[in-house]
Amino acid sequence: MKVFIVLHLPPPQQSELNSFLWTIKRDPPSYFFGTIHVPYTRVWDFIPDNSKKAFQQSHIVYFELDLTDPYTISALTSCQLLPQGENLQDVLPRDIYRRLKRHLEYVKLMMPSWMTPDQRGKGLYADYLFNAIAGNWERKRPVWVMLMVNSLTEVDIKSRGVPVLDLYLAQEAERLRKRTGAVEKVEEQCHPLNGLNFSQVIFALNQTLLQQESLRAGSFQIPYTTEDLIKHYNCGDLNSIIFNHDTSQVPNFINATLPPHERVTAQEIDSYFRQELIYKRNERMGRRVKDLLQENPDKSFFFAFGAGMLPRSSSIPSYSSHIP
């Protein structure tokens with residue numbers, strides 16, 4: 001049996017809506033749906049009815065990770081921690097540690113003013129939110145601290161308290177008593193991040209702190225923001241490079257202002273993450289999708305993966321070759 005993935009273009013009346021839905025032609029059909037890691041309320045109204053109907057009609061819903069499973073959350077937390085007995089102060093250069101501490105103190109100070117009335121109405125407090133995100137920062141590996149700092153911005157804080165799209169779909173699948181599952185193990189997402197060498201991690205953390213310090217001083221504008229990501233998604237911009245960085249959750253450090261030797265490091269990091277968190281994952285997930293479809297020929301699947309993991313129109317043949 002040959003299976004083709006066909007890109008569904010939205011009908012004319014939905015031309016302004018996203019089209020992150022692919023159909024796997026079989027009987028019954030199965031689907032790929034591209035998600036992003038933003039509050040579902042920011043994108044849900046822009047998701048066309050055909051995508052929502054595909055979700056409703058599918059028997060089984062699969063995600064990258066099972067975000068409703070307590071073990072998944074626990075394993076993600078453990079993976080981010082330094083070896084027993086180590087603290088961040090012990091491993092970071094003193095200057096970077098001091099700058100990091102200063103920046104986190106600034107975030108904690110600003111957080112009450114960043115929060116929205118709606119968040120306060122739901123009983124969210126700034127101290128609670130800060131501790132939930134950054135409470136254990138001194139025990140985290142530097143690469144995870146870098147990602148944490150990158151997400152501790154006013155825009156991202158304002159969006160806390162609402163499930164991201166992936167989690168919302170997982171909760172809906174559970175509510176509708178659909179069978180759910182995950183195509184990845186926590187370790188497969190976590191270990192590549194822990195695989196950066198120390199000098200690369202220090203470079204990445206330093207660049208992240210420099211960006212945040214420049215943002216505070218008003219002398220820097222990040223190349224793309226969460227708002228840009230949402231706009232591209234809601235407009236159905238399939239080819240936007242932004243989705244690759246949302247999927248890998250790693251910022252892009254390449255910029256023209258870097259001296260040549262630092263630009264080389266930035267390119268090495270970008271290449272490493274592109275290989276580990278996009279290409280290799282794509283291959284692995286493709287094999288597992290193929291196995292699930294072959295093992296369940298009479299079931300309709302809805303695969304909800306990060307939009308950056310899914311094929312653009314030009315790459316559909318290579319991706320569909322995983323599903324013979």
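Okay, before anything else: when I say "helix", I mean a DSSP run of H or I of at least four residues, and helices are numbered from the N terminus. With that in hand, E268 lies in helix 14, which covers residues 260–295. Keep that residue in mind, I'll come back to E268 at the end.

One caveat: this is a predicted model.

So, the overall picture. The chain has 324 residues, and buried ones make up 50% of them. We have 15 helices and six strands. If you take the contacts with a separation of 6 or more, 78% of them are between residues 24 or more positions apart.

Now some helix pairs. Two packed helices are described by the angle between their axes and by the distance between those axes, so that's what I'll give you for each pair.

Let's take helix 2, residues 70–79, and helix 10, residues 186–194. At what angle do their axes cross? Roughly 15°, and the axes come within 10 Å. Angles under 35 degrees count as roughly parallel, so helix 2 and helix 10 are roughly parallel to each other. The crossing of this pair is right-handed. If you're clicking along, helix 2 brings Y71, T72, A75, L76 and C79 to the contact, and on the helix 10 side you'll find V186, E187, C190, H191 and N194. By class, six residues in that contact are nonpolar, three are polar and one is charged.

Next pair: helix 7, residues 142–151, with helix 11, residues 198–217. Here the axes come within 9 Å and cross at roughly 20°. That makes helix 7 roughly parallel to helix 11. And which hand does this crossing have, left or right? Helix 7 passes helix 11 in a left-handed crossing. From helix 7 we get P142, V143, V145, M146, V149 and N150. They meet V201, A204, L205, T208, L209, Q211 and Q212 of helix 11. What classes of residue make up the contact of helix 7 with helix 11? Nine nonpolar, four polar and no charged.

Then there's helix 4 and helix 6, with helix 6 being residues 126–134. These two pack at an angle of about 145°, and their axes are 9 Å apart. The crossing is right-handed. On the helix 4 side the contact uses L104, V107, K108, M111 and P112, and helix 6 answers with A126, D127, L129 and F130. Seven of the residues in this contact are nonpolar, none are polar and two are charged.

While we're on helix 4, which spans residues 94–114, look at R99 inside it. Is R99 buried or exposed? The cut-off for buried is under 20% relative accessible area, so at 10% R99 counts as buried. What does R99 touch, leaving out residues up to four places away in sequence? N206, L209, L210 and E213. Take L209 from that list: R99 and L209 are 110 residues apart in sequence, yet their C-alpha atoms sit 7.5 Å apart in space.

D27 and P28 are joined by a cis peptide bond, with omega at about 0°. P28 is in the loop between strand 2 (21–24) and strand 3 (30–35). The other one is R177, which has a positive phi of about 60° although it isn't a glycine. You'll find R177 in the loop between helix 9 (165–175) and strand 5 (179–182). R177 has a relative accessible area of 77%, so this arginine is exposed.

Another exposed one is Q84, at 76% relative accessible area. Q84 is in the loop between helix 2 and helix 3 (88–91). In sequence, Q84 and R139 are 55 residues apart, and C-alpha to C-alpha they are 8.9 Å apart.

And back to E268, as promised, in helix 14. How accessible is E268? Its relative accessible area is 41%, so E268 is partly exposed. E268 and L196 are 72 residues apart along the chain, with their C-alpha atoms separated by 10.0 Å.

That's my tour, thanks.

Definitions and conventions. Residues are numbered from 1 along each chain as its sequence is written. This is a predicted model: local features need pLDDT of at least 70, side-chain atom pairs count only at pLDDT 80 or more; totals for chains, interfaces and linings use all residues. Side-chain values use heavy atoms; hydrogens and water are left out. Buried means under 20% relative accessible area, exposed over 50%, partly exposed in between (1.4 Å probe, protein chains only). Contact means heavy atoms within 4.5 Å. Axes are lines fitted to C-alpha atoms, for helices over the stretch in contact, and angles run from 0 to 180 degrees between N-to-C directions. Angles under 35 degrees count as roughly parallel, over 145 as roughly antiparallel, 65 to 115 as roughly perpendicular and the rest as oblique. A crossing is left-handed if the near helix is turned anticlockwise from the far one by less than a right angle, and right-handed if clockwise. Ala, Val, Leu, Ile, Met, Phe, Trp, Tyr, Cys and Pro count as nonpolar, Asp, Glu, Lys and Arg as charged, and the others, Gly among them, as polar.
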